[in-house]
Amino acid sequence: MEKVKISFKLNGENVTVETPPNKRLLDLLREDFELTSVKEGCGEGECGACTVILNNEAVTSCTVLAPQVDNCEVVTVEGLGKDGELDKLQEKFIEEGAVQCGYCTPGMLLSAKALLEKNPHPSRDEIKTAIEGNLCRCTGYKKIVDAIEASIEE
Amino acid sequence: MKEFNVIGKNVIKKDAVDKVLGKAKFAADMKLPNMLVAGVKRSEVPSGKVININAEKAKKVPGVVSVLTYKDIPGENIIGIINKDEPILVEDKIRRIGDAIAIVAAEDESTLEKALELIEVEIEETQGVFTIEDALKEDSPKVHGDTNILAEKILKRGDVDAAFKKCDVIVENEYSTPVIAHMFIEPEATLANYEEGIITFYSSTQNPHYDRGEVARMLGITLNRVRSVQATTGGGFGGKLDISTQCHTALLAFYTNRPIKMVRSREESMKVSSKRHPHYMKFKTGATKDGKILATDVELLQDTGAYGSYGLAVITRSMVHAQGPYEIPNVRIRAKMVYTNNPMSGAMRGFGVPQVAIGHEGQMDALAEKLGIDPVEIRTKNCFQTGSVTATGQKLVDSIGIYETIKKAADKAEQIMDKEGK
């Protein structure tokens, strides 16, 4: 299949890459950019492990084709935090015990981040709605919701 | 109260920082130079006989490096955590949908997919057994050997039959629990490498020491030539105790002398990972009119599917817990675990204990209703106390918290539920 050239902003940097047009964004990020924080759990947009932020929206990167992000902005967990400091969300996930096996964690963080960027003071129900597409089999969700709530800036 | 360093403290998980940064390496995240990707050709029928495997077309696809079948296994072709009954690659008999028939290593995913499609497997489909009832019939097709019963056990305390005659009320009920998948969020994966006579593999696993033994026996080499490393593992819940991708990747690495990575799709994982044992249970429980339980008689039928896995542990644990956390002087538990052509059942959070809880707790509610007493009261009246003796004759001397737990749960429930009990 003939490759296409795409350019987009990835974790704040402008990047250009040639890719087969049928490559999933998930594979593009993991293989071409070695961003292995983006996990595959189901490959059909059900589990949320591969969540990234695409133009300020949390999306499952397994259901996005690479050329669709041409001229867009993509953020993965590698793009959270600044100058070696953890993002407040990352800090609270650690403190509140919201991390167990860790496989859903990057997707969970990004769904939460996308929510807080749009709505800096969400209610507990709004938090639950924001992460409803991210499955976790270890925590039972309570500590994840607690962590997101604790990260809300005063 | 005494101050401890860890107990009572909020301790930060030592790998939490790597995990929030996305730096923790799961098996699928690892790679080595010159690495190949690998996959499995699986049976699409639950019961059958393999007549012929033809991999010639697959081997000719450019980019296919190795195609292996059972004939290529240098050591033993049989695995299993407790009883060894599962072939690494099927020799002749198909026992479930998803049985592994051939494995392929290729330069990339699309070549791998093409090669797997091109492997021709001729299978004569045979009648399978899919219910415990059918599996126990004398003339049923046999999944292994000459009986479908993997294990049959009896546990007795006191004289159940005599005790039932002294009971004022007796409740008899049947219960069943379904197949359940663990659905760990990370599908199984292994990266294997064979170098200087040592096979090293990094897996998503709960059982690296067991994996090591199975790989050594499969290759017919000594344990000191096998390194089994647990990669960061994305959930298991018992479902990553069995061999998944370890043997297949190790065998391909052994033959190709190149690193091999195999990652299951969710569909493949769902098809062949172990499941919670479905249970069919008959409970007969008798009590005096003031709610003291005198006897319980339990019959358990358990479906282990195509292979034993942790079944022999599950039958024992389900039996020793079937009386529940209640002191009962007369107990009889009879259990049978049977093979069928269903998905393999194995370890899953509780090893049969959650299944029998559906039964013994159902019985407590039924007794309370029949006696017209409070469901909490019948539980606190009968629950284990310090000094209680279980059906296996064990005297409980320490950490018997069930009475307090029930009381606190009831208090909490009262606080949060409205008057109608909603």
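**The interface and enclosed spaces of a two-chain model**

Chain A and chain B bury about 2100 Å² between them, and carbon and sulfur atoms give 60% of this area. Ile94(A), Tyr103(A) and Arg137(A) supply 30% of the area that chain A buries against chain B, more than any other three residues. The structure is a predicted model. In this model, 27 residues from chain A and 29 residues from chain B take part in the contact.

Three salt bridges are counted between chain A and chain B. In one salt bridge, Asp29(B) pairs with Arg30(A), with the closest N and O atoms 2.8 Å apart. On the side of chain A that touches chain B, helix H2 (88-95) and H3 each supply at least two residues. H2(A) gives the most to that side, with four residues. By class, the side has 13 nonpolar, seven polar and seven charged residues.

The discussion now turns to cavities and pockets. The whole structure holds six cavities of 30 Å³ or more, and the largest cavity contains about 240 Å³ of space. This cavity is lined by 26 residues, of which Glu86(B), Arg96(B), Ile243(B), Ser244(B) and Arg264(B) are the closest to its centre. Helix H7 (residues 246-256) of chain B provides the largest share of the lining, three residues.

The second largest pocket has a volume of about 320 Å³. Among its 15 lining residues, Val75(A), Gly79(A), Leu80(A), Lys113(A) and Glu117(A) lie nearest its centre. Its lining comprises four nonpolar, six polar and five charged residues.

Methods
Residues numbered from 1 in each chain as written. Chains lettered and ligands numbered in written order. Predicted model: local features only at pLDDT ≥ 70, side-chain atom pairs only at ≥ 80, totals over all residues. Heavy atoms only, no water. 1 Å grid on protein atoms, 1.4 Å probe; cavity = no way out; pocket = protein on both sides within 12 Å on 5 of 7 lines; lining within 4 Å. Points joined across faces, edges and corners; volume = space filled by probe spheres on them. Nonpolar A, V, L, I, M, F, W, Y, C, P; charged D, E, K, R; others polar. Contact = heavy atoms within 4.5 Å. Buried area = accessible area lost by both parts, 1.4 Å probe. Salt bridge = Lys/Arg side-chain N within 4 Å of Asp/Glu carboxyl O.
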